[in-house]
Amino acid sequence: MQRSQAIAGWAFSLPFVLVFLVFSAWPILWSLFMSFTNMTSRDLRDPFYVDFVGLENFARVLGDPDFRRAMLVTAAIAVVAVPVTIVVALLIAVALNRGIRRFKTFFRTAFYVPVVTSIVAIAVVWTLLFDRNGVVNGLLDTVGIDGPDWLGDTTWALPTVTLLVIWRLFGLIMVLFLAGLQAIPDDLYEAAEIDGAGTWRRLFSITVPLMVPSILLATVLLTVAIIQVFEEPYVITQGGPLGSTTSAAMYIFNEFGYGRYAAASAASYLLFAFIAFLSFLQFRLLRSRT
Amino acid sequence: MSAATDETVRPAPATGRDPDRLARVVLYALLLLGVVITLSPLVWTAASSFRPSGEILRQGSWLTGTWTGENFRALWSDPLFPRYFLNSVVVSAAIVAGNIVLASGVGYALAKLPFPGRRLVFGAVLVTFMIPSLMLFVPLFVTVAFLNMTNTYAGLILPFLVTPLGVFVMRQFIGQLPDELLEAARIDGAGEGRIFFRIVFPLCRPAIATVGILSFVTSWNNLLWPLVVAQREEMYTLPVALATLSSSEGAVSYGPLMAGSLVTILPIVIVFIFFQRYFVAGIASTGIK
């Protein structure tokens, strides 16, 4: 019996183990190896015929002004998108949880739709809406504002990309917050109401303090997601104008596109170190919640 | 006495409720405005895809303009667009099927079968879970190129055939099934394969729905990996085709591009609306809740 279970266990696990070894474990180790070599696209036929260059790739990437700018761009997206997404998601979640009685499912579904929508498809309409002569500027024109060239201007391209990032993510965080809010007992609100606490007072004295763990978790999840932001800038601005929207992920993609596989690997590991640290933090937060 | 107090007390909550009702109406209005803003890019895409290309950029043609199915006809008669669609369908279907069948098997083994190395396999699941795809695509491309699988369905499908997310959801679900059920079948002499396919798998329907839907959404929308591995046009998936078309320098005709966007968005949105409770379940069971 024990033996047959052991055999069955391995038989059932085999597909995952194979996929894991070939398409996860091996590439990750290979990538580490690659980041210490001078591998380029020309070595694809003979990936083992490469020279060791030590830490040269890491030094080059860290010294590359393009990489530094990409990190700054990514940080700028995160600094704006993380708090805005959290505030928007929390307000909607609170409204849906206690503010209204009917159509909750409708609103939750509608706000979640962007999370499952193809960003590439949305990017097409986004570039039209934010065109120099697009709908957004048309609307601004009716209130007398002369809108900028959103995607062609180095000042405005990044905020426009960031807006798309927020659009895609807030529904996910809203659902996360809804789950957290449902765990808060009704008695607390009733007691506060009897004591004469108004809506805003209840929000800041009960809801927000009790939601701190959820908010921390959302911060980490959002940061990890935004460090990897690729599709939004890739499709609506191609990283431009003048690199003003080239994210860290796009930098890696570009290095890869130029055939500099070793440099791309080194940059991946630098980012990964950062993400791993945040993931560790996430696990700690999850554990402290349960 | 009691009747009298009732009469005097009753109007009080009614007047107290009035500002509440006003606030609620305002709240509904704000939420509705939020929905309109949130969904406007989708509505705009849908509406534009039925407009002639020349009218899409012109404003104010919302109600007065021409409606036409020409964009969809143009897409369908395009030499490659049906192929992009087919590629997306084949790749997503294979990944969904693989994750449902194979991941549930792994989940069963991890949840119910004591085999040597089980902790190691589960550790591999967790590690893979934490590796961002951004981290993986460069060496994964080198691996896939080494295996001569660029520009093939195998290259597009195999790396995502059994995702750690699928295994994780399945393991959590199967772990909740009572052991007695399996013991009874074992006493009756059923083998592990039979127990899995006849007893465990049919009971997993909610988890299968969750895994199926999550893997459908991620594979259908995936851009980075198909962009890297499909370099020949006939292997493009819908997102790759859209990204390439919309960022190409030449004159783009927006009509077919909008129609293509709608064709890309619609399958997911329909699946989502019909199965949305499984999405929420998916978020909950991956430990975020």
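Me: What makes up the secondary structure of chain B, in helices and strands?

Reply: In this predicted model, chain B holds 16 helices and 0 strands. A helix is counted here as a DSSP run of at least four residues in state H or I.

Me: How do you know what share of chain B is buried?

Reply: A residue counts as buried if 20 or more other C-beta atoms lie within 10 Å of its own. Of the 289 residues in chain B, 42% are buried. As for the contacts of chain B with a separation of 6 or more, 76% join residues 24 or more positions apart.

Me: What is said of phi at A:Gln238 and B:Asn151?

Reply: Most residues other than glycine have a negative phi. A:Gln238 has a phi near 55°, a positive value in a residue other than glycine. B:Asn151 likewise is not a glycine and has a positive phi of about 60°. A:Gln238 sits in the loop between helix 11 (231-236) and helix 12 (248-257) of chain A. B:Asn151 sits in the loop between helix 7 (133-146) and helix 8 (153-157) of chain B.

Me: How do you know which residues of the largest nonpolar core touch the most other members?

Reply: Members of such a core are joined through C-beta atoms within 7 Å. Among the 166 residues of the largest one, A:Ile173, A:Met174 and A:Ile226 touch the most other members. Helix 7 (residues 157-182) of chain A gives the most to this core, 16 residues. The core also draws at least three residues from each of domain 1 (2-71) and domain 2 (77-285) of chain B. Apart from its neighbours within four places in sequence, A:Met174 is in contact with A:Ala89, A:Ile92, A:Ala93 and A:Phe111.

Me: How do you know that helix 3 and helix 10 of chain A are in contact, and how do their axes cross?

Reply: Contact requires C-beta atoms within 7 Å. Residues of helix 3 of chain A that make the contact include A:Thr74, A:Ile77 and A:Ile86, and those of helix 10 of chain A include A:Ile215, A:Leu222 and A:Ile226. By class, this contact has 10 nonpolar, 4 polar and no charged residues. The axes of helix 3 (residues 65-99) and helix 10 (residues 212-227) of chain A come within 10 Å and cross at roughly 145°. The crossing of these two helices is right-handed.

Me: What makes up the side of chain B that touches chain A?

Reply: In the interface, 74 residues of chain B are in contact with 71 residues of chain A. Helix 2 (residues 11-48) of chain B gives the most to the chain B side, with 12 residues. By class, that side has 55 nonpolar, 15 polar and 4 charged residues.

Me: How many residues does each domain of chain B give to the contact between them?

Reply: The domain assignment gives domain 1 (2-71) and domain 2 (77-285) of chain B. Their contact takes 12 residues from domain 1 and 9 residues from domain 2. On the domain 1 side, the largest share, 4 residues, comes from helix 2 of chain B. By class, that side has 5 nonpolar, 5 polar and 2 charged residues.

Terms used:
Residues are numbered from 1 along each chain as its sequence is written. Chains are lettered from A and ligands numbered from 1 in the order in which they are written. This is a predicted model: local features need pLDDT of at least 70, side-chain atom pairs count only at pLDDT 80 or more; totals for chains, interfaces and linings use all residues. A residue is buried if 20 or more other C-beta atoms lie within 10 Å of its own, exposed if 12 or fewer, and partly exposed in between; C-beta atoms are placed from the backbone. Domain bounds come from an automatic or database domain assignment. Two residues are in contact if their C-beta atoms, placed from the backbone, lie within 7 Å. Ala, Val, Leu, Ile, Met, Phe, Trp, Tyr, Cys and Pro count as nonpolar, Asp, Glu, Lys and Arg as charged, and the others, Gly among them, as polar. Axes are lines fitted to C-alpha atoms, for helices over the stretch in contact, and angles run from 0 to 180 degrees between N-to-C directions. A crossing is left-handed if the near helix is turned anticlockwise from the far one by less than a right angle, and right-handed if clockwise.
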